[in-house]
Amino acid sequence: MTEPGTTETGTTGTTERRSPLDEVHRAAGASFTDFAGWQMPVRYSSDLAEHHAVRTHAGIFDLSHMGEIVVVGPEAADALDYALAGKLSAIAEGQAKYSLLLGRDGGVIDDLVVYRTGDDRYMVVANASNREVVADELRDRTAPFEAEVFDESDDIALIALQGPDSLEVLQQTPGFGIQGPGNDGEDFAAALDGLKYYRAIAAEYDGEPVLIARTGYTGEDGFELYVAPERAARIWDALRETGGPRVVPCGLASRDTLRLEAGMPLYGHELGREVMPVQAGLGRVVALSKEGDFVGRAAIEQGTPADAPVLVGLALEGRRAARADYEVFDGDAPDGKRVGVVTSGALSPTLGHPIAMAFVTPDAAEKGRTLTVDVRGTRVPASVVPLPFYKRGA
Amino acid sequence: MTDQTELQYTEEHEWVQVDGDTVTIGITDYAAEKLGDVVYVDLPAAGTAITSGNVVGEIESTKSVGELFAPVDGEVVESNQAVIDAPELVNSDPFGEGWLIKVTTSTLPKLLSHAEYRALVGE
């Protein structure tokens with residue numbers, strides 16, 4: 001057989017960067033992949049087992065390759081309102097918001113999660129492959145404002161604990177507390193209980209600051225912990241020790257199938273500079289109602305052509321997955337016209353049938369429509385289904 | 001348990017076990033590990049004539065697709081139904097229950113020894 005490569009997105013960098021958790025992963029027997037110039041775990045033993053662990057109990061991920069860019073200053077809120085698509089001035093301290101960095105032409109330069117970590121302070125989390133471009137764009141765009149931009153990616157490691165058991169495991173892990181004097185483990189457990197989705201709290205581990213956010217990229221309840229690199233291994237080990245068999249270390253392979261089932265876009269697949277937010281179903285992320293100009297506004301207001309492709313979910317028959325770049329055709333006749341292209345796809349571990357996201361022409365995007373995907377020479381029937389493919393129970 | 005040192009190998013990460021004029025073909029543990037969890041295999045049916053170097057099947061994981069190249073000229077006498085039904089056998093027992101096809105052949109090309117193959121994959 002051919003040497004199988006990994007299919008994660010990300011540019012192959014000339015420098016091979018390693019996570020502060022690298023030794024932990026090697027000791028755990030992880031297989032690695034190059035991801036945006038980083039050597040990151042692709043799986044530890046079985047990507048299917050890792051996927052199922054997150055859906056049923058919990059999984060722990062090293063996401064230290066992600067970029068963290070801090071914007072700070074009296075005009076930080078206004079600066080981000082201008083620089084990004086969302087109204088970041090409207091979020092409260094401790095709140096997070098999914099946002100986009102748009103080009104002047106309205107295309108997506110990166111998708112981001114922005115945390116307001118203080119009245120005059122935000123942390124912008126960027127995809128690893130876009131860290132530099134996001135930092136550069138933020139510096140340029142915020143220059144007229146009283147705000148400064150610091151790329152703190154090298155000083156922040158990121159651990160995600162995802163899955164229905166995440167809350168309990170994090171609550172039970174010794175060493176955590178709320179930042180500030182006079183707190184104890186009980187306060188911490190209560191604070192986590194009350195922490196809403198897309199909210200973060202300033203916590204500490206062994207007296208060192210940790211930002212704990214109820215966010216994730218798996219479609220499950222879970223937390224993301226922004227920690228000092230030198231603390232990452234101790235926190236990782238503590239969570240695994242507390243969780244025992246409930247917490248399975250997970251690589252990027254399972255992260256990709258989890259986010260796909262949850263209908264979440266991946267930069268370089270569903271998002272890119274040639275994609276307008278509305279095409280990817282992210283029109284709501286662009287705050288056209290906010291006052292003042294923002295980068296990309298004019299282009300977004302002009303709108304996209306009526307025939308611009310739109311992102312849809314596809315459910316396929318059989319077991320063979322439609323994968324990125326496979327062509328999509330209308331109807332199930334052999335001479336159906338080409339209507340689009342797959343951006344991501346896999347045999348869904350949870351649902352048991354192949355799922356895919358694809359950009360197709362608007363006339364082929366209606367729910368329930370029958371399409372076909374050319375899977376390496378065979379036309380496989382697919383139907384247009386709503387996103388997400390998977391939604392967790394209440 | 002198959003003795004891996006008795007098998008022959010290809011640079012495409014297949015193993016070949018010779019028994020008279022019948023050869024059994026599978027993929028190596030190295031290939032299975034690189035693929036990740038195998039979730040689908042597509043194998044040629046019994047009676048199919050195969051030509052060395054041609055793609056005759058697919059081994060698909062959650063992350064990628066590997067192509068199965070015919071290591072010999074011949075005719076397929078059996079494809080492993082157990083693997084078609086339970087593709088995870090390719091991961092759990094690549095040299096045993098995870099075999100893929102049996103082929104009759106009259107000519108056996110020069111293949112790699114166990115030591116040569118392990119050197120190839122750097123182990």
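This is a predicted model: local features need pLDDT of at least 70, side-chain atom pairs count only at pLDDT 80 or more; totals for chains, interfaces and linings use all residues.
How many of the 6 residues of β8(A) are buried?

**View 1. Strand β8(A) and its two partners.** In β8(A), 5 of the 6 residues are buried, so the strand is largely enclosed by the rest of the structure. On one pairing, β5(A) is joined to β8(A) by 6 bridges, and these two strands run antiparallel. Within this pairing V71(A) stands opposite Y122(A) of β8(A). The pairing of β7(A) with β8(A) is also in the antiparallel sense and has 5 bridges. G118(A) has R121(A) in β8(A) as its bridge partner.

**View 2. Helix α4(A) and its buried face.** Helix α4 of chain A covers residues 131-142. Its 12 residues should span 16 Å at 1.5 Å a residue, and the end C-alpha atoms are 16 Å apart, which agrees. The buried residues of α4(A) are R131(A), V134(A), A135(A), E137(A), L138(A), R141(A) and T142(A). Viewed down the helix axis, these buried residues fall within an arc of 165°, so they line one face of α4(A). They pack against β5 (67-72), β6 (96-102), β7 (108-118), β8 (121-126) and β9 (148-151) of chain A, and against helix α3 (76-83).

**View 3. The open sheet of chain A.** An open sheet of 7 strands has the order β11-β12-β13-β14-β10-β4-β15 in chain A, with mixed pairing. The edges are β11 (176-178) and β15 (247-250), each with a single partner strand, so one side of each is left without a neighbour in the sheet. From one strand to the next the twist averages 30°.

View 4. Helix α7 (residues 229-243) of chain A lies across β4, β10, β12, β13 (208-213), β14 (222-227) and β15 of chain A. With β10(A), α7(A) makes an angle of about 15°.

**View 5. Surroundings of V54(A).** V54(A) is placed in helix α2 (residues 47-56) of chain A. Why does V54(A) count as buried? It has 31 C-beta neighbours inside 10 Å, and the cut-off for a buried residue is 20 or more. Beyond its neighbours within four places in sequence, V54(A) is in contact with G59(A), Q162(A), G163(A), T218(A), E220(A), C250(A), S254(A) and L258(A). The C-alpha atom of V54(A) is separated by 9.4 Å from that of G219(A), although the two residues are 165 residues apart along the chain.

**View 6. The side of chain B that touches chain A.** Contacts between the chains involve 21 residues of chain B and 20 residues of chain A. On the side of chain B that touches chain A, at least two residues each come from α1 (29-35), β4 (38-42), β6 (55-61) and β7 (65-69) of chain B. By class, that side of chain B has 8 nonpolar, 5 polar and 8 charged residues.

Methods: Residues are numbered from 1 along each chain as its sequence is written. Chains are lettered from A and ligands numbered from 1 in the order in which they are written. Two residues are in contact if their C-beta atoms, placed from the backbone, lie within 7 Å. Helices (H or I, at least four residues) and strands (E, at least two) are DSSP runs, numbered from the N terminus. Ala, Val, Leu, Ile, Met, Phe, Trp, Tyr, Cys and Pro count as nonpolar, Asp, Glu, Lys and Arg as charged, and the others, Gly among them, as polar. A residue is buried if 20 or more other C-beta atoms lie within 10 Å of its own, exposed if 12 or fewer, and partly exposed in between; C-beta atoms are placed from the backbone. The expected span of a helix is 1.5 Å times one less than its number of residues. The arc is that of the directions from the helix axis to the C-beta atoms. Two strands pair if DSSP finds at least two bridges between them. Axes are lines fitted to C-alpha atoms, for helices over the stretch in contact, and angles run from 0 to 180 degrees between N-to-C directions.
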